[in-house]
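Here are my notes on the model, as numbered points. Please read them with the structure open.

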Amino acid sequence: MNGRAERALVVLLLGAACKDPGPVEVRPVVLGSRPGTAMSELRSTDLAMKMRLRLRSQNEETLRRSITRGGNIVTVAFRSPGKTAGVSRFGHSLLSQEAASAYSDTVAEAAGEVVYRFKHIPAVVVRVNDPANVLALRNRPWIDYIHGNSTEARADDVWQCFYEGTPTSSGSPTDPEVLPWQVTKVRADSVWVTTTGDIDSDRALVLFDDGVDEASHTFGQYLPAGPDLYANEYAIYDTTHVAYEGLHGTAVVGVAAARWNSIGTIGIAPNAPTRIARIAWYTDSSTSAIDWTSVAIAVDNEVEFASVMSLSWSNVTSNSTPPEDLITLYSTILNAYYDYDVVFLNSTGNTSNSGKWNWPAAFPEVVGVGGTSLTGDTAVYNNYGEGNVEISAPAQSVVGVCKGGKTGTVSGTSYATPVAAGVFMLLREAHPSETAAQLRYRVRQTATTMASFQRSGYGLINAKAAVNYQYTPPPLSVTIVGQPSVASGISCTWWAIPSGGTGSYSYAWKKNGSAVGGDIDYLTTSNSGSSFTLQVTVNDGLSPPAIDSFVIEIQSGAYCE
């Protein structure tokens, strides 16, 4: 395949720019690719657009049923009339806040009560009295999509806290006999002299769960303290069963960031600033659930405070196609990853099934965390559809704290996920200038290889090796992608797709040898009826500049769609 044909194929996969596409956000994901996924495939596979199109094609009765099942909680997203979407493939809003706010008011007036206005994407959550009122808006040119609110029962744990009593050890956190096995297995204690996750910023480890038990927090000051520990309430359903709050989240928080207090356990990153976002509720002591609208709201609201985000609940499918009603959550995750440089981790289930995928874990921008046994060399619990798992961490008999303040053991990828999240907090302190994508690269390059790549990803996470890894950026390169031919007078957009280097890029564009555009990774331009040449030069402040040129031919009838 020649270069022009390759570029045409990339454009086809990208969905190509339309006439006058407006601002398009394109950012490099060079170091954040999924195991076994070519970078060109990762960039060109616009999962969000595919999810959006499936929602738009749903028949009205299917959408009505989903709204009713979700308690008449509806998410409505907006776009500029004539545009393909309101959010770019990289999570950046393509609509002004003023326009989004005006559209939100219109929806509220026509359909119901506003529950939440998103801050970083053009969307609103409303509670409707009659689904027909919001369905009547569906074909308006400024509606991007509409979806109901899906729920998910149970977190990704095998069993909740199994009490082992309350040890009274008087040892120190460096005594091997009193360290939880998962701490030593991932070599976290080996780097505590250098990093304990205490990042020097106003950002934190954000854990999304069913809350945390206040008794466990005050018991020996086991859990991380802070004014925001209980303030972040996002569950939009009835939460009357508060007596069960923290059955799952208390252990999750402690595994990641418990402070040392001589009761027999300590977290992976024991000094990490931590925020707890409650997104789950209980119908009784054994039945817990979340709704995905609450998770999207929580991500959107917490992103400005987050360095690492960890979610130990997931949506499971029997194929590699993400549920379309997770589009809003995915948009907030894209925004967190690309605009706020947040590492997002998610558990991968517990049914050990090669034909199952967990979401959002399987999204390319998310670190899907699998589980390992007590020996650390055997995969346990997690589903492993291709691309579901990026890294693995201890998941069997993980030592934590139970609701009520007693130590105990917990199992499942629910607890592997905060182990890995704790390691990323250690890396955030040790390497504060590196991006989320670069830290993922560190972790992947230094993980202890396991038997099955598909089942365990790059292997068992290794904090010591990751912290000490001598990172060398891959060579800097750039490729222009876009339409290889256009009709006379048509305006189209072409993108610069950089890879390698330091991950911090600047851009300089030329058209037929003259400077055009600005320091941005795309160029929108028209033509005067003659073929023309685009050139982009990319610098990263360290590597030799990378340059690519692209000749665009004029062809009658060749538009940007």
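1. Tyrosine 103 has 17% relative accessibility and therefore counts as buried; the cut-offs are under 20% relative accessible area for buried, over 50% for exposed and partly exposed in between, with a 1.4 Å probe and protein chains only. Phenylalanine 78, at 0%, is buried as well.

2. This is a predicted model, in which local features need pLDDT of at least 70 and side-chain atom pairs count only at pLDDT 80 or more, while totals for chains, interfaces and linings use all residues. Residues are numbered from 1 along each chain as its sequence is written, and side-chain values use heavy atoms, with hydrogens and water left out.

3. The structure holds ten aromatic pairs. Rings of Phe, Tyr and Trp (its six-membered ring) pair if their centres lie within 6.5 Å; planes under 30 degrees apart are stacked, over 60 edge-to-face, and the rest tilted. Phenylalanine 78 and tyrosine 103 are a tilted pair, because their ring centres are 5.6 Å apart and their planes at 45°. The pair connects strand β1 (residues 73-78) to helix α5 (residues 97-111). Helices (H or I, at least four residues) and strands (E, at least two) are DSSP runs, numbered from the N terminus. Ring pairs also bring Trp142 into a cluster with Phe78 and Tyr103.

4. Tryptophan 494 and phenylalanine 532 form an edge-to-face pair, with 5.9 Å between centres and 90° between planes. Tryptophan 494 lies in strand β23 (residues 492-499) and phenylalanine 532 in strand β27. Both residues are buried. The charged end of lysine 511 sits over the ring of phenylalanine 532, 4.8 Å from its centre; the rule asks for NZ of Lys or CZ of Arg within 6 Å of the ring centre and within 35 degrees of the ring normal.

5. Strand β27 belongs to an open, mixed sheet of five strands in the order β22-β28-β27-β24-β25. Two strands pair if DSSP finds at least two bridges between them. Seven bridges join β27 (residues 532-539) to the antiparallel β28 (residues 546-554).

6. Twelve salt bridges are counted, each a side-chain nitrogen of Lys or Arg within 4 Å of a carboxyl oxygen of Asp or Glu. In one of them, arginine 275 meets glutamate 302, with the closest N and O atoms 2.6 Å apart. Arginine 275 is in strand β9 (residues 274-278) and glutamate 302 in helix α10 (residues 292-302), 27 residues apart. Arginine 275 is buried at 9%, and glutamate 302 is buried at 0%. Arginine 275 also lies over the face of phenylalanine 305, 4.2 Å from the ring centre.
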